Amino acid sequence: MAADPTADNRPQVCGRELLQWRREQLKAGGTPAELNWLLEFQGGLPWRELQALHLQPERSVPLRVPLEEMAALWQRHRRQQEPLQYLVGCCPWRDLELQVAPGVLIPRQETELLVDLAEEIARAQGRTPQLWADLGTGSGCLALALAQAWPASRGIAVDLSPEALSQAQANLRSQGRLPQVELRQGDWWTPLRQQWGSLELVVANPPYIPDPIWQELDPVVRDHEPRLALSSGSDGLNAIRVIAAGAAEALAAEGWLLLEHHHDQSAAVQQLLLTAGLVEVEAYSDLEGHARFAVARRRSDR
Ligand SMILES: C[S@@+](CC[C@H](N)C(=O)[O-])C[C@H]1O[C@@H](n2cnc3c(N)ncnc32)[C@H](O)[C@@H]1O
């Protein structure tokens, strides 16, 4: 790459050279969207600027890392199916740039909707929960978003995986949210025993992939993301069964439970929530119109 230091000391690369490099990389496979993602999050070249280069290839743009370095990551991604987010170490999610590493689930876009649902509930109630929990926090994405949405609240984020908890801790710390969100290791409701009966809102994106489907997952997911975060028994409902069964005791009276689940589990999850004695059970869809979320509430004590 032609290094041409600029005022901000980042090496510049000519548009024509960059576009040629991009064509070369894509010959090895992969999608333009993935390569653009790498250019943006490793190279620091926003998608808009990349598009502008197609019109003005004679322009030069600054890059955070040399093209050779990005080519090496791209090859690893292509040959070993390693997720780009792990290779780069970050994942944009809502308005956050989260750190991610192998051993911790890469946050998915659809999960962003759980935060919208939680905020909608709080708005409709006219008050924000004072004490909430995030079960199976992974990278800490949901806990962090709720802590930002409700700065005067207190949250508890639970995970069985020590890798997940240390990643969540790093993400919460980098956003200054550690004092507000406590991290606890353990199995679903168990680490929250002291708070049973006082949790006003609980979110969970638990593992829900049925074991038989696990085998069919894209290798980029199956061979690299933690199975503990994804699969949950023959029908994918093992974790949701435990969460639903404990909710009536763990939630505060009139407290809310918000769950993400697989696209074909809506009826089964609603039934589990009703069987557990919860009320106001409702399904919500993702942006593609698939019912992917369930909301339920503990009865009032009155
Ligand atoms: C689908 S991931 C969700 C991670 C994160 N909340 C997100 O939305 O990206 C499920 C998480 O549940 C955790 N988990 C699995 N079994 C658990 C258990 N028995 N108790 C607590 N957490 C568990 C996994 O380690 C993983 O971090």
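These legends accompany several close-up views of a predicted model of a protein chain and its ligand.

In this predicted model, local features need pLDDT of at least 70 and side-chain atom pairs count only at pLDDT 80 or more, while totals for chains, interfaces and linings use all residues. Residue numbers start from 1 along each chain as its sequence is written.

**View 1. The protein chain as a whole, with 13 helices and 11 strands.** Helices (H or I, at least four residues) and strands (E, at least two) are DSSP runs, numbered from the N terminus. The C-alpha trace spans about 70 × 45 × 35 Å along its principal axes. Of the 302 residues, 38% are buried, a label given when 20 or more other C-beta atoms lie within 10 Å of a residue's own; 12 or fewer make it exposed, anything in between partly exposed, and C-beta atoms are placed from the backbone. Among contacts with a separation of 6 or more, 65% join residues 24 or more positions apart; a contact here needs C-beta atoms, placed from the backbone, within 7 Å.

**View 2. Helix α6 (residues 112-125) meets helix α7 (residues 141-149).** Their axes come within 10 Å and cross at roughly 35°, where axes are lines fitted to C-alpha atoms over the stretch in contact and angles run from 0 to 180 degrees between N-to-C directions. On the α6 side, look for L114, V115, A118 and E119; α7 brings L142, A145, L146 and A149. By class, this contact has 7 nonpolar, no polar and 1 charged residues. Ala, Val, Leu, Ile, Met, Phe, Trp, Tyr, Cys and Pro count as nonpolar, Asp, Glu, Lys and Arg as charged, and the others, Gly among them, as polar.

**View 3. The 22 residues around the ligand.** G136, G138, S161, N205 and A229 come nearest; a residue belongs here if its C-beta atom, placed from the backbone, lies within 6 Å of the ligand. The elements giving two or more residues to this shell are α7, β6 (154-159) and α11 (227-230). By class, the shell has 13 nonpolar, 7 polar and 2 charged residues.

**View 4. Q81 in the loop between α4 (67-80) and α5 (84-88).** Most residues other than glycine have a negative phi. Phi of Q81, however, is positive, near 60°. Q81 is partly exposed, because 14 other C-beta atoms lie within 10 Å.

**View 5. W188 in the loop between β7 (181-185) and β8 (199-204).** Here too is a positive phi in a residue other than glycine, near 35° for W188. W188 counts as buried, because it has 20 C-beta neighbours inside 10 Å.

Methods:
Two residues are in contact if their C-beta atoms, placed from the backbone, lie within 7 Å.
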